[in-house]
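Open the structure in your viewer and keep the selection tool ready. The stops below take you along the chain.

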Amino acid sequence: MSVKPGKMMATRIVVVMMVLILSLSLVSAASLVNIMIIKGEEYQNDASEQQLYDSLVTAPRGDIYDRNMQILAQSSPAWTVYITPNGIKKLKEDKQEEVRKKISEGLAEILDMDYDKIYEYTGKKSYYVIVKKKIEKDTADKIRQFILDNKDLGLVKYIGLDETTKRYYPNGHLASVVLGFVGSDDQGLSGIESYYDNDLTGIAGRVVAAKNAAGTDMPFSYEKVEEATKGKSLVLTLDSYVQYTAEKYLEAAIEENLIAERGAAMVMNVNTGAILAMAVKGDFDPNEPFALSAADQAQVDAVTDEEEKSKLKSDLLNRQWRNKAVSDTYEPGSVFKVVTASIALEENLVNKNSSFFCNGSATVAGQHYKCHKTTGHGSQHLMQAISNSCNPAFITIGQLVGVQTFSKYFKAFGFTEKTGIDLPGEADSTYHKEEKMGPVELASSSFGQTFNVTPMQLICAVSAAVNGGYLVQPHIVEKKLDENGKVAETAATSYKRQVISETTSATMRELLQFVSENGAKNSLVAGYNIGAKTGTSQKVSKILQTGDKRLYIGSCATV
């Protein structure tokens, strides 16, 4: 049977069409499989990233209070200014340029920023560009008004404000070196803010919202909010009034005595180790931690070389942030005689009536030492020797004690280890090891020279000498409060060890009261029994560098 040529051609066309349709179907199916199954998760994530706006909600940082619940540091509301360049790019070219210029002009004026920088931001390929962080309410209100005044340009679609927080220190310089400060991301950078950063930092919240390609809300917007949790608040052992008084008189003493390397003063409860005041001058305003004092800035401005200028500024900033009470060491001088006397009394090598003779000098193993009274103190008992701060008498006491016993008590009083105060940057002491200490090193150590300790170590040792003999753990945080203000943790008084007996400690209190009544009379306070010991030591390293023998460190311990 024969087939007509026309019909055969039609059949072939139908077959070819069916093959083409089948091929296209297979390609489409394969493509769908690739999109929906093989790469489905990848494409879904890409779409989510383009359509979902995921923003962290800053958690309020915990507050810091003094012992009387006076606020020392808190976080107040602030705002981050942002723009959405992707939305601007959807506009027609002439309208786009008008909006970019208007945004740049307005924000530059309100935020005191460079016009060109903001204009550059408006042209970026992004739906979220931060213009400035941590602006305060009055500035945020100006931006809101600017948006309203230009509603014909629809600026509400392209400028936004995210609420965050800003750290604020209402008392300015008060306790600034202790409190420290935070960086632009609210991370603690020094002081309490740094040491307790994990406690103070809260748990950030989160907002996930649906956005279109321009970065603006969709009409059927999806939003999920996870609330932020405030960080723990801290109640310090500091008393604001005691702190203020310590800073006031420390600053006056620095000015009167022409102190070159700042000063430090501490007030500690000798029985509990609670720090009531820790003053360091010169210090800084933690609200503006990167601003130098007028005198320091003048030094920087006087330098012409940019590299040297930058280094000097960095050095001066670090100096003003540095907590001299815990991070610097010094030769304690005659204040250390409190420790030497405690050792000799505890070992029954002397008593308060023991007699010592001073002719103005002493010689140990060929090393000659002068007394500050060159004509000598003559015959004196122990109470007079410590009141006179007689070096020859204490050299004699040191030789009676001996290297082994001196080293044992030096360690027991806490001078060979850090105190463990809850502040960052505590320094290590430097001292003569027992195996390397001879009679000369013992002689100089007995009156507080040729070794270096921190003021924090010394105040703990002096406290042990008068509180019944116990070396206490110093601390500056009394309590931690949870986000609801309830006590989550309380610091307990901690005794490291008993160094001397109650009997020896009672004798030391008597000796130090004799000093304040007969020597250090400036330490007397009406209505109180006061004990004191002053100290003066030479800045040996500075003297060797400069040749100036008039460089001294003055200190005083009052109990």
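**First stop: a hairpin**

Select strand 12 and strand 13: they form a hairpin with two residues between them. In the turn, alanine 365 has a positive phi of about 50°. Helices (H or I, at least four residues) and strands (E, at least two) are DSSP runs, numbered from the N terminus.

This is a predicted model: local features need pLDDT of at least 70, side-chain atom pairs count only at pLDDT 80 or more, and totals for chains, interfaces and linings use all residues. Residues are numbered from 1 along each chain as its sequence is written, and side-chain values use heavy atoms, with hydrogens and water left out.

Strand 12 (residues 361-364) and strand 13 (residues 367-370) pair in the antiparallel sense over four bridges; pairing takes at least two DSSP bridges between two strands. Valine 364 has glutamine 367 in strand 13 as its bridge partner.

Now show the side chains of strand 12. Which ones are buried? Ala362 and Val364 are, on one face. Buried means under 20% relative accessible area, exposed over 50%, partly exposed in between (1.4 Å probe, protein chains only).

**Next stop: helix 17**

Select valine 403 in helix 17 (residues 403-412). Valine 403 counts as partly exposed because its relative accessibility is 22%.

**Last stop: helix 4**

Select aspartate 94 in helix 4 (residues 93-111). With 60% relative accessibility, aspartate 94 counts as exposed.
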